[in-house]
Amino acid sequence: PTRAATHELAHPSPTMLDIALLRADQGGNPELVRESQRRRYADPGIVDKVIALDEEWRKCRSALNLAQRELNQTQDKMKPFYKEKKPVPDELKNAKADLDGKIASLTAQEAEAIEARDKELGTIGNIIHDSVHVHDDEDNNPVVRTNGEFNTEPWMLSHVDLVQMAEMADTAKGTDVAGNRGYFLTGPGVLLNQALMNYGIHFLTQRGYSAMQTPFFMKQSIMGKVAQLAQFDEELYKVTGEGDDKYLIATSEQPICAYHLGEWLDPKKDLPRHIAGVSTCFRKEAGSHGRDQLGIFRVHQFEKIEQFVVCSPEGNESWVEHEKMIKHSEDFYKSLGIPFRVVNIVSGALNDAAAKKYDLEAWFPGSKAHRELVSCSNCTDYQARRLGTRFGMQKADKGATKVYAHMLNSTLTATERTICCIVENYQTPIGIRVPDVLVPFMHGMTLIPFKLPFPGKVKKGEEPKHHVPTEDELKEADSGRADLAAYLKAHGIADALNRAVNEVAKTRPEKPLDAIAVLLASGGASAASAAGGEPTEDD
């Protein structure tokens, strides 16, 4: 992409909503903005306040333009005197001095008017899409789709106990070292966390995304362009040290947004962009006091794979991308075998940037509840306007309407939360089964056995269903996989199969299965040629 001119980079739009929407005389529709505010259960009166402040700015701008024209005219009258090296009449000198003072005063007034207007304009949320259900209670989020059955059994435990029993995390020592909501991932917890990250990256790259690992902190001035004011109090950790203060990121969405600061994107060369954000995230969770205090579901530090899309604002493109993104998240959790529902977040619960948001709420059978694992938002041009991320070919015409790209974001997996969901859905009396798609990323591990007994209370005379497995139980759960692996290795079968498959991959015979059979029987590479492939250099 081509970087914008210096003045564009230095001064991206200070607001996230287009002021032109509020100018009825220029084709705007202020009632559209008022209605969007009503749907958000926010004050629609702010629209009229902004319109009045904008009118003050326009009057000031008009007076400034007039004064500058008068100054130009006065300077034109002075030019002949300079050219002929004659004294400039005092009348012209005084007129110029008066106009210089007037322009300086009006310039200061204009700056104040812009600041006052844009401060109020910045509090107005994005225009809500018509498909968003109007309500102020998330209990009324419409269910869009469901996947799987939402079943439970009386013996099932919550992730809080399961993670400890399998020694996947140590929250007690984590709290000692890091304070409230602190934790250490341990043993299989580390493996499962890394497996989810690696599988998530693989999953998105297979769908055309490019991986991007982001910085974990951002300059205060840049964070201010991508975070809402409430986030500074409730989410963001401030980091002090050498130089300017910085803030730890709450999501890779923030630095990826800022990555596009001041860019002017060519629709043919640069868009759409599909980015798989990879990061650790840090959140104070100040607004969640008392919620999910136990376990690793709601913590101050976690890993996340994020979908981020930058696309054309034209037509329906960003809404098509929005549906694709939530489908990617659905397919990811289907591949993990997790039951879930997708809900359309009600208007009163949307953040300022989102025009529409889906949540994917997974089923936690041990907790007997649905819990949010994914948020998928279309922010249209709301963020791009603040960042000065322009769309279209660069034009010399300074009066041309500025057009901004659309930006969308969606969780794929916040891995610690996904771990909590997996352990509840895949719990057995002796441990946690590993979802099939994660086994290759877990070094072939298919079961995470319990190492500690159930820590809770059980009814008198009853034995807890969950327990530390015996060797025989582990062998039975393994279904003979370990014995089979040992047998294949001892007799060289695994190596022979690998060599045969590699040979077929190189030679591409017409009948690959026949070729593999001949190769195994003869032990020679020429068998592939006999099955219709080209001979290799070794033949």
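This is a predicted model: local features need pLDDT of at least 70, side-chain atom pairs count only at pLDDT 80 or more; totals for chains, interfaces and linings use all residues.

Me: Salt bridges first. How many does the structure hold?

Reply: The structure holds 24 salt bridges. One of them pairs Arg58 with Asp25, with the closest N and O atoms 2.7 Å apart. Arg58 lies in helix H3, while Asp25 is in the loop between helix H1 (6-10) and helix H2 (30-39), so the pair ties together parts 33 residues apart in sequence.

Me: And is Asp25 buried or exposed?

Reply: Asp25 is exposed, because its relative accessibility is 59%. Arg58 is at 22%, so Arg58 counts as partly exposed.

Me: Which residue forms a salt bridge with Glu361?

Reply: Arg341 does, with the closest N and O atoms 2.7 Å apart. Glu361 sits in strand S13 (residues 356-364) and Arg341 in strand S12 (residues 340-344), so this pair links parts 20 residues apart in sequence.

Me: How accessible are those two, Glu361 and Arg341?

Reply: Glu361 has a relative accessible area of 13%, so Glu361 is buried. Arg341 is partly exposed at 27%.

Me: What about Asp245?

Reply: The Asp245 side chain meets that of Lys238 in a salt bridge, 3.3 Å from N to O. Asp245 is partly exposed, at 24% relative accessibility.

Me: Which residues are linked in a network of salt bridges?

Reply: Glu31, Arg34, Glu35, Arg38, Arg39, Asp48 and Asp130.

Me: Where does negative charge gather in a patch on the surface?

Reply: At Asp136, Asp137, Glu138, Asp139 and Glu372. Asp136 lies in the loop between helix H4 (90-121) and strand S2 (143-147). Asp136 is partly exposed, with a relative accessible area of 48%.

Me: Now phi. What is the value at Lys85, and at His443?

Reply: Lys85 is not a glycine, yet its phi is positive, near 55°. His443 is not a glycine either, and its phi is about 60°.

Me: Where do they sit, Lys85 and His443?

Reply: Lys85 is in the loop between helix H3 (45-83) and H4. His443 is in the loop between strand S18 (431-433) and strand S19 (447-449). Lys85 is exposed, at 79% relative accessible area. His443 is exposed too, at 69%.

Me: Single residues now. Is Gly277 buried or exposed?

Reply: Gly277 is buried, because its relative accessibility is 0%. Gly277 belongs to strand S10.

Me: What is Gly277 in contact with?

Reply: Setting aside neighbours within four places in sequence, Gly277 contacts Met212, Ser252, Ile256, Lys304, Ile305 and Glu306. Lys304 is 27 residues away along the chain, and its C-alpha is 7.8 Å from that of Gly277.

Me: Last one. What does Thr152 touch?

Reply: Trp363, Pro365 and Lys368, not counting residues up to four places away in sequence. Thr152 is in the loop between S2 and helix H5 (159-165). Thr152 is partly exposed, with a relative accessible area of 30%.

Me: And how far apart are Thr152 and Gln383?

Reply: They are 231 residues apart in sequence, and 42 Å apart in space, C-alpha to C-alpha.

How values were computed. Residues are numbered from 1 along each chain as its sequence is written. Side-chain values use heavy atoms; hydrogens and water are left out. Patches are made of residues with over 30% relative accessible area and no salt bridge: like charges are joined within 9 Å, nonpolar side chains (Val, Leu, Ile, Met, Phe, Trp, Tyr) within 5 Å. Accessible areas come from the Shrake-Rupley method with a 1.4 Å probe; for residues, only the protein chains shown count as cover. A salt bridge is a side-chain nitrogen of Lys or Arg within 4 Å of a carboxyl oxygen of Asp or Glu. Lys and Arg count as positive and Asp and Glu as negative; His and the chain ends are not counted. The place of a charge is taken as NZ of Lys, CZ of Arg, CG of Asp or CD of Glu. Helices (H or I, at least four residues) and strands (E, at least two) are DSSP runs, numbered from the N terminus. Buried means under 20% relative accessible area, exposed over 50%, partly exposed in between (1.4 Å probe, protein chains only). Contact means heavy atoms within 4.5 Å.
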